[in-house]
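Me: I have a model open and want to learn how to read it. Can we take the features one by one?

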Number of protein chains: 2
Amino acid sequence: MRLSLNTATVKKATLAQAARLCAEHGITGIGPWRDVVEAAGGAKAAKRLLDQYELTVTSLCRGGFVSTGSAAALEDNRRAVEEAADLGTAELVLVVGGLAEGSKDLPAARAHVARALEQLAPYASSHGVRLAIEPLHPMFCADRAVVSTLGQALDLAEPFAPHEVGVVVDTYHVWWDPQLFTQISRAAGRISAYQVCDWVVPLPADMLLGRGHVGDGHIDFAPITDAVLRAGYTGHVEVEIFNQTIWDTDPAETVKTVVDRHLTHLGPV
Amino acid sequence: MRLSLNTATVKKATLAQAARLCAEHGITGIGPWRDVVEAAGGAKAAKRLLDQYELTVTSLCRGGFVSTGSAAALEDNRRAVEEAADLGTAELVLVVGGLAEGSKDLPAARAHVARALEQLAPYASSHGVRLAIEPLHPMFCADRAVVSTLGQALDLAEPFAPHEVGVVVDTYHVWWDPQLFTQISRAAGRISAYQVCDWVVPLPADMLLGRGHVGDGHIDFAPITDAVLRAGYTGHVEVEIFNQTIWDTDPAETVKTVVDRHLTHLGPV
């Protein structure tokens, strides 16, 4: 499975620096975040830059935050769809959002997500972009994503064609799930992205930043990767790591580690 | 639903102090931890003490940690079964344990749990004690409990009679689960204990200690309580809160807050 560098892994680097590091290490894919794209002069300029390095844009991170019924959020997602199209990627990752301020109504938040998919899917589809629902670890349910399992993401995707709404398999978020392999198999045709990083304990005070390099934690990657391949996924594997220590490291060093770990745990880059 | 005080909520209190606080506040149930029972002179002495206050022992916390295949763990669980019987409770809560040191083999850990249930259930049953599997929040999967959902706990319980192996519904661990209401309904006849505390963000550095008083966080208790009642559960609701700030509070103050929150969110004590 070919390697893609998600730009969140090298937070200090500009898009140009990240792209150059990819090229230097034989990495053929990149998964940029919207803020990095904007800082590079917008999606069209970013596309020209990435084309110079012959990089495949494996996904755009991220749209979403549609769990409160906000019209502004829908509008922002339409912009994200356009950016994905301009970048030449078919996959817009959606982190769906948590509970509305002061609300404890989880079913309502989940209903807002379903409704937002209905509202966004035709627009995305007309741009050749798929909405890629990313289930986040249940510990983020209150504040970041009310979609907590791959099965739930697939239930939300089911009313749509596989090219309209897909799902992200991120090892960090799903590795614990007793239904993981059943649901990966069920996801055949809908896997928009396969992201990896490791589950390291103890988590740091900011639990958003507890992710480790592949191999540093408790996740057994081989069976998950095999299942994703058996489900027919032919894309890259994106390495996306949120970790302050890694962010404080020289990006060149980080990319070298990413490549080393990929060779050990996933195969050729 | 009648109130029971889990002794973990008033960590500073002895069993005698906790029992007296229960009596003073009209609380009719108590859920002791084994260390507190031992400090009170063992299960038989503890039983005499609790009988003086006419307290129902709603569960014993806890057995478990059987996910590595350790024979010593099984033996310790047999002692816990005896203690539960001596305390006059039918419910021994099991926190099943995480991955073995250095292991990434989650299926193997889960298989060890299934095997341990087979080995322990006859002994427990002969003592009139039910093994109560507690699914823990998925964020504890690596280090505390490889059973992460109510559905998974019920799958493990299914080979056994309902009086042999049950499940614990703890709002903190299961509130996020998209299958929660389906699985609570499926749990009819097997609900060993209903425990409550709230999900508060951000979590503290020690994520074990992030639980809040009922009402302080993001959980909507009424529908979960209703579902537990509809599943035929007739026992107490146990308030179990791990939180350093609450532990540093005068236990009398904490019990008063527990009662106030129960009246607001769950009804008469």
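Me: How many salt bridges are there between chain A and chain B?

Reply: The count is 0 salt bridges between chain A and chain B. Keep in mind that this is a predicted model. Polar contacts are another matter: 5 residue pairs are in polar contact between chain A and chain B, both residues at pLDDT 80 or more.

Me: What is the area buried between chain A and chain B?

Reply: The size of an interface is often given as the accessible area lost when the parts come together. Here chain A and chain B bury about 2,300 Å² between them. Carbon and sulfur atoms give 67% of that area. On the side of chain A, A:Lys104, A:Trp175 and A:Trp176 supply 25% of the area it buries against chain B, more than any other three residues.

Me: How many residues of chain A are in contact with chain B?

Reply: There are 30 from chain A, in contact with 30 residues of chain B. α5 (106-126) and β9 (198-199) of chain A each supply at least two residues of the side that touches chain B.

Me: Why do the copies meet through the same surface?

Reply: Compare the two lists of interface residues. 100% of those in chain A are also interface residues in chain B, so the copies meet through the same surface.

Me: Now the fold. In what order do the strands of the chain A sheet run?

Reply: Strands of a sheet pair through backbone hydrogen bonds, either parallel or antiparallel. In chain A, 9 strands form an open sheet, with parallel pairing, in the order β3-β2-β1-β11-β8-β7-β6-β5-β4. β3 (56-57) and β4 of chain A each have a single partner strand, so one side of each is left without a neighbour in the sheet.

Me: How many bridges join β7 to β8 in chain A?

Reply: There are 4 bridges between β7 (residues 165-170) and β8 (residues 191-196) of chain A. A:Val168 has A:Ala193 as its bridge partner in β8(A). A helix packs here as well: α6 (residues 150-157) of chain A touches β6 and β7 of chain A, its direction about 170 degrees from that of β7(A).

Me: Which strands does α4(A) lie across?

Reply: α4(A) lies across β3, β4, β5 (91-95) and β6 (130-133) of chain A. Its direction is at about 160 degrees to β4(A).

Me: Turn to chain B. Which strand pairs with β1 over 3 bridges?

Reply: That is β11 (residues 237-239) of chain B, paired with β1 (residues 3-6) of chain B in the parallel sense. B:Ser4 stands opposite B:Glu238 there. Helix α11 (residues 251-265) of chain B packs on the sheet, touching β1 and β11 of chain B, at about 145 degrees to β1(B).

Me: Last, the backbone angles. Is the peptide bond from B:Cys61 to B:Arg62 cis or trans?

Reply: Check omega. The bond from B:Cys61 to B:Arg62 is cis, with omega near -10 degrees, and B:Arg62 is found in strand β4 of chain B. The bond from B:Val201 to B:Pro202 is also cis, with omega near -5 degrees. B:Pro202 is in the loop between β9 (198-199) and β10 (211-212) of chain B.

Conventions:
Residues numbered from 1 in each chain as written. Chains lettered and ligands numbered in written order. Predicted model: local features only at pLDDT ≥ 70, side-chain atom pairs only at ≥ 80, totals over all residues. Heavy atoms only, no water. Pairing = 2+ DSSP bridges. Contact = heavy atoms within 4.5 Å. Axes fitted to C-alpha atoms, helices over the stretch in contact; angles between N-to-C directions. Buried area = accessible area lost by both parts, 1.4 Å probe. Salt bridge = Lys/Arg side-chain N within 4 Å of Asp/Glu carboxyl O. Polar contact = N/O pair within 3.5 Å; in protein donor to acceptor, adjacent residues only side chain to side chain.
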